[in-house]
Amino acid sequence: MTTSAAEFIALDERWSTHNYHPLPVVIAEAEGAWVTDVEGRRYLDFLSAYSALNFGHRHPALIAAAQEQLGRVTLTSRAFHHDQLGSFCRELAELTGTEMVLPMNSGAEAVESALKIARKWAYEVKGVPDGRAEIVVAGSNFHGRTTTIISFSTDETARAGFGPYTPGFTVVKYGDAAALRDAITERTAAVLLEPIQGEAGVLVPPEGYLAEARRLCDEAGVLLIADEIQSGLARTGALLALEHAGVRADLYTLGKALGGGIVPLSAVVGRRDVLGVLKPGEHGSTFGGNPLACAVGRAVITLLSTGEFQQRSAELGARMHARLGELVGHGLAEVRGRGLWAGIDITPGGLSGREACAALAEKGLLAKETHGATLRLAPPLTIAEADLDRGLDILAGVLTR
């Protein structure tokens, strides 16, 4: 019988494809902001499954919704109606201030769907010649790992070796409004942006950039698509990160936390006249909008509708960023982010990101590196203030040792 962490890791190494390089922690149980490994050791989770666990592990309201739905029906396919879909779509549209919802499964699937919709809209509404639509994207982006999405990635690790690549994309520097302006042509269907770039290291764009992107899109008759898969659903102290810029997108992609850390659930939400270009048979998913996912998603919407988690993220985020700011010059070179979300750059010459994460895990704190010496921190929005301080104390100890 397999009981030790080493044995479980050996099983993974022997039988699973090596498309990840996880830290040597084998999680067996979890609750709230804490996880427990197979050998009984507890860790604070400062990653939250890349914001999929905004409400912590096994939030009681979300577990209850899943259990109740498991006792009724879990899957019908979209060949039939079911009693959760319409309510989920209406409630999500009302929460986000949008008009129509397309439920899917993964974040990448939501982005792929938005790209298809934008192209079809360009041909049918804007009048772009068939097959000529272009979409402007930002460098250092991360929108998923499908073949089309990696075609406009600037991360060679994600891209190299998977060509030929899908055409129709123009890449410009993130945060550069002039470059964005110059890239938009009469064939441009949409501009796709992350309001804050997560995988790139929680990069917050310059003040005014997102508002200018909105103005440029309006001026040229182009759709603005905001990828809020990581940044959305209260992670930054607002329901949607784009709210901090005071602008609205035509389409938003949502995912991760929408499934409550229980089921894969994503969605494209936005204008009815844009999403309405899809007709039966043109797009679909067997599991997209299934009863179980919709039931959990409705429970997530209920949690978000009070504003409690947005407020917790703003308040605890301010506390976290103040503490992290004290470490600049003492193990950290830079801190970025908003709400309970931060990208921190370790001082050059110090630990690598991987080494730092391994040292943190030894002390009972889970985080993940990206791009060398950058760590991403995203504690659950449910974390207690004392546990947040405890995790930050561990981080300070490792960085200043």
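Predicted model: local features only at pLDDT ≥ 70, side-chain atom pairs only at ≥ 80, totals over all residues.
Good morning. By class, the residues that line the largest pocket divide into 21 nonpolar, 17 polar and 11 charged.

The volume of the largest pocket is about 1,600 Å³. Its lining is made up of 49 residues, and those nearest its centre are Tyr20, Tyr50, Arg145, Lys368 and Arg376. Which elements supply at least two residues each to this lining? They are strand S1 (27-31), helix H2 (48-51), helix H5 (107-126), helix H6 (147-150), helix H7 (156-159) and strand S14 (368-370). Of the lining of the largest pocket, S14 provides the largest share, with 3 residues.

I turn to the second largest pocket, which holds about 590 Å³ of space. It is lined by 26 residues, and Arg78, Leu85, Val101, Leu102 and Pro103 are the closest to its centre. Two or more residues of this lining come from helix H4 (85-96), and two or more from strand S4 (100-104). Sorted by class, the lining of the second largest pocket has 13 nonpolar, 8 polar and 5 charged residues.

Helix H4 brings me to helix packing. Two packed helices are described by the angle between their axes and the distance between the axes. The axes of H4 and helix H11, residues 291-305, cross at roughly 25 degrees and come within 9 Å. Angles under 35 degrees count as roughly parallel, and H4 and H11 are therefore roughly parallel to each other. Their crossing is left-handed.

The second pair is helix H13, residues 353-362, and helix H14, residues 385-399. Here the angle is about 125 degrees, and the axes lie 10 Å apart.

Next, the backbone. Most residues other than glycine have a negative phi, and most peptide bonds are trans.

Pro164 sits in the loop between H7 and strand S6 (169-172); H7 is one of the elements already named for the lining of the largest pocket.

Is Val202 buried or exposed? Its relative accessible area is 0%, and since buried means under 20%, Val202 is buried.

Lys256 is located in the loop between strand S9 (251-254) and strand S10 (266-270). With a relative accessibility of 29%, Lys256 counts as partly exposed, because that class lies between the limits of 20% and 50%.

Finally, Gly276. This residue is placed in the loop between helix H10 (272-275) and H11, the helix that packs with H4. Gly276 is partly exposed, at 31% relative accessibility. How far apart are Gly276 and Ala249 in space, C-alpha to C-alpha? The distance is 16 Å, with a separation of 27 residues in sequence.

Thank you for your attention.

Terms used
Residues numbered from 1 in each chain as written. Heavy atoms only, no water. 1 Å grid on protein atoms, 1.4 Å probe; cavity = no way out; pocket = protein on both sides within 12 Å on 5 of 7 lines; lining within 4 Å. Points joined across faces, edges and corners; volume = space filled by probe spheres on them. Helix = DSSP H or I, 4+ residues; strand = E, 2+ residues; numbered from the N terminus. Nonpolar A, V, L, I, M, F, W, Y, C, P; charged D, E, K, R; others polar. Buried < 20%, exposed > 50% of the residue type's maximum accessible area, 1.4 Å probe, protein only. Axes fitted to C-alpha atoms, helices over the stretch in contact; angles between N-to-C directions. Parallel < 35°, antiparallel > 145°, perpendicular 65-115°, else oblique. Left-handed = near helix turned anticlockwise from the far one by under 90°.
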